[in-house]
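Please find below a short note on the model under review.

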Amino acid sequence: SAFARTDQLVMKLHRHEASPQVDLALDISASQFASVPKARRVLELAAFVIESALESRAVLRLWSVSAKVEPWETAAALGGRLPANLPARTAAEGPALDRVPWRRDALRIFLSDLLFPVVQTPLLGGLGGSRGAGLILAPWTRDEADPDWDGRLELEDAETGTKREQRVDAPLLARYRAAYARHFDAWRDACRRQGIGLARITAD
């Protein structure tokens, strides 16, 4: 029809094909910044996503996520500046991922260490789906995956600051390592079922 009117060939191009969309949600839970190497890797991964999106001329949206969700300005993100007004989440809950306004056709990226007590499968629904694509980038350190704790220690909850004394022996350490491995096996299974990519990236 267009050729008949104009005598020129015309291609219909949908907006999402011409301008790719990238949504990045950063988990700003305290565990993400529990050590200098891990905090550095978190910010490096955020910068990598942002710079890649800008290089691709994508329409970029950034969110910071804790107990609530707030927009995150690109300039602040590239400068490594995090919002200071977000309430902390408790140890018994994950970040409010279900409140992120994901776009349907976007590449949807969640940057989080996934250290919540329970795999929150229902919250992953917005990341997956038949349109666009979902991806989780999960930084981690050897100190959390394979610690060398021994004897009586004072342990502190990264999210709440609660402290307690705990005697750690070889059997307890073995149970911790096994629980850590099961936790991420469960995350991998949940992501696989919903078609979400999961990349765990060491900070060491």
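1. Glu 144 counts as buried because its relative accessibility is 12%, and the cut-off for buried is under 20%. The model is a predicted one, and the values in this note should be read accordingly.

2. Glu 144 belongs to helix α5. Its side chain makes a polar contact of 2.9 Å with the side chain of Lys 38. When neighbours within four places in sequence are set aside, the residues in contact with Glu 144 are Lys 38, Leu 115, Pro 139, Tyr 176 and Tyr 180.

3. The largest pocket holds about 1,300 Å³ of space. Its lining comprises 30 residues, and those nearest the centre are Leu 115, Trp 149, Glu 156, Ala 158 and Tyr 176.

4. Helix α6 provides the largest share, 6 residues.

5. By class, the lining of the largest pocket consists of 14 nonpolar, 10 charged and 6 polar residues.

6. Strand β5 (residues 133–140) runs parallel to β4 (residues 107–111), to which 5 bridges join it. In this pairing, Leu 111 has Leu 137 of β5 as its bridge partner.

7. Strand β5 is also joined to β8 (residues 196–202), again in parallel, by 7 bridges. Here the bridge partner of Trp 140 is Thr 202 in β8.

Technical notes: Residues are numbered from 1 along each chain as its sequence is written. This is a predicted model: local features need pLDDT of at least 70, side-chain atom pairs count only at pLDDT 80 or more; totals for chains, interfaces and linings use all residues. Side-chain values use heavy atoms; hydrogens and water are left out. On a 1 Å grid over the protein atoms alone, a cavity is a set of points where a 1.4 Å probe fits but cannot get out, and a pocket is an open set with protein on both sides within 12 Å along at least five of seven lines; lining residues have an atom within 4 Å of a point. Grid points are joined across faces, edges and corners, and a volume is the space filled by probe spheres set on the points. Helices (H or I, at least four residues) and strands (E, at least two) are DSSP runs, numbered from the N terminus. Ala, Val, Leu, Ile, Met, Phe, Trp, Tyr, Cys and Pro count as nonpolar, Asp, Glu, Lys and Arg as charged, and the others, Gly among them, as polar. Buried means under 20% relative accessible area, exposed over 50%, partly exposed in between (1.4 Å probe, protein chains only). A polar contact is a pair of N or O atoms within 3.5 Å; within protein, one must be able to donate a hydrogen and the other to accept it, and residues adjacent in sequence count only if both atoms are side-chain atoms. Contact means heavy atoms within 4.5 Å. Two strands pair if DSSP finds at least two bridges between them.
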